[in-house]
Amino acid sequence: MTTDLTDVFETHRPLLMGVAYRMLGRVADAEDVVQDAWLRWSRADRGEIGEPRAYLVRITTRLAIDRLRRAKANGEAYIGPWLPEPCVTEFGGTAPDTAERAVLADTVSLAVLVVLESLSPLERAVFVLREAFGYPYAEIAALLDRGEAAVRQLAGRARRHVAERRPRYDVDPARRRDLTERFLAAAGGGDLEGLLSLLAADVRLVGDSGGKAKAPLRTLHTADKVGRFLIAVSGTVPDLAVRFLEVNGGPAVLILSGGKPDSLIQVDVADDRVSTVYIVRNPDKLRHLADR
């Protein structure tokens, strides 16, 4: 019996992690929520569970909503710009075709998760279930114990909010990888002219340190400021090593110092130029990448 319970849960774990991470933007928190979902699943009355997948998604979603509400109630201040904890993309069995993988990659991108952070917990839940995983409104309503009309209103507000605030970017993985490699080569080689040729005029650089590492405490704007900053900090990491990963649905560069994660860099691309540079330096958000 225990083996059957575990097998069913493990079958749905990638989906549950996908929901929890998009809801919370933090890998460790998502893992905690999924673990709590397992505990509830293992203790539940089997006779009251009609469909395991629906039950598990409902429990995971509600646990994530509760966690978001507690975080908002605590009102903890974050030092400098906030970015989601980078997540190595592993869609598992949740994306059977290329089109679905593209949708999943988009809804887990750093740009979208930053916007989702400003939604209410319920709006975020509805957006994730509808836009990322294609749940029908009626099913979302049942999962959240809300009327279908209310769920449609929440979905409409969330979509408009995201559409108004998300940066425009191209999602062609090959082009993005190519520009990432050229960007890294120019920045690492101190080639300011080459770097500026890759940056959009209105490029932004968002650095997340949480006050625990050196990074700009405000978002940098314009190619000149971003380019000069990157050139100034290039070469300052001792015993540097570079590793390419797929993170949050796109190519990223993990920079290691002495074998330990120092920074993660990812770029968004629009019109064949780098439109946004994300740099995560908060060590708490990089620790889980040590073995990648």
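Begin by selecting helix α3 (residues 52–74) together with helix α7 (residues 137–144), which pack at an angle of about 60 degrees with their axes 9 Å apart. Axes here are lines fitted to C-alpha atoms, for helices over the stretch in contact, and angles run from 0 to 180 degrees between N-to-C directions; helices are DSSP runs of H or I with at least four residues, numbered from the N terminus. Before going on, note that this is a predicted model, in which local features need pLDDT of at least 70 and side-chain atom pairs count only at pLDDT 80 or more, while totals for chains, interfaces and linings use all residues. Residues are numbered from 1 along each chain as its sequence is written, and side-chain values use heavy atoms, with hydrogens and water left out.

Now show the side chains where α3 and α7 meet: the contact (heavy atoms within 4.5 Å) is made by Ala54, Val57, Arg58, Thr61, Arg62 and Ile65 of α3 and by Ala142, Leu143 and Leu144 of α7.

Next, select Phe133, which lies in the loop between α6 (121–132) and α7. Is Phe133 buried or exposed? Phe133 counts as buried because its relative accessibility is 17%, where buried means under 20% relative accessible area, exposed over 50%, and partly exposed in between, with a 1.4 Å probe and protein chains only.

Then turn to helix α2 (residues 27–43), which packs with α3 at an angle of about 130 degrees, their axes 9 Å apart. α2 and α3 are therefore oblique to each other, since angles under 35 degrees count as roughly parallel, over 145 as roughly antiparallel, 65 to 115 as roughly perpendicular, and the rest as oblique. Residues making this contact include Asp29, Val33 and Trp41 of α2, and Tyr55, Leu63 and Arg67 of α3.

Technical notes: Helix = DSSP H or I, 4+ residues; strand = E, 2+ residues; numbered from the N terminus.
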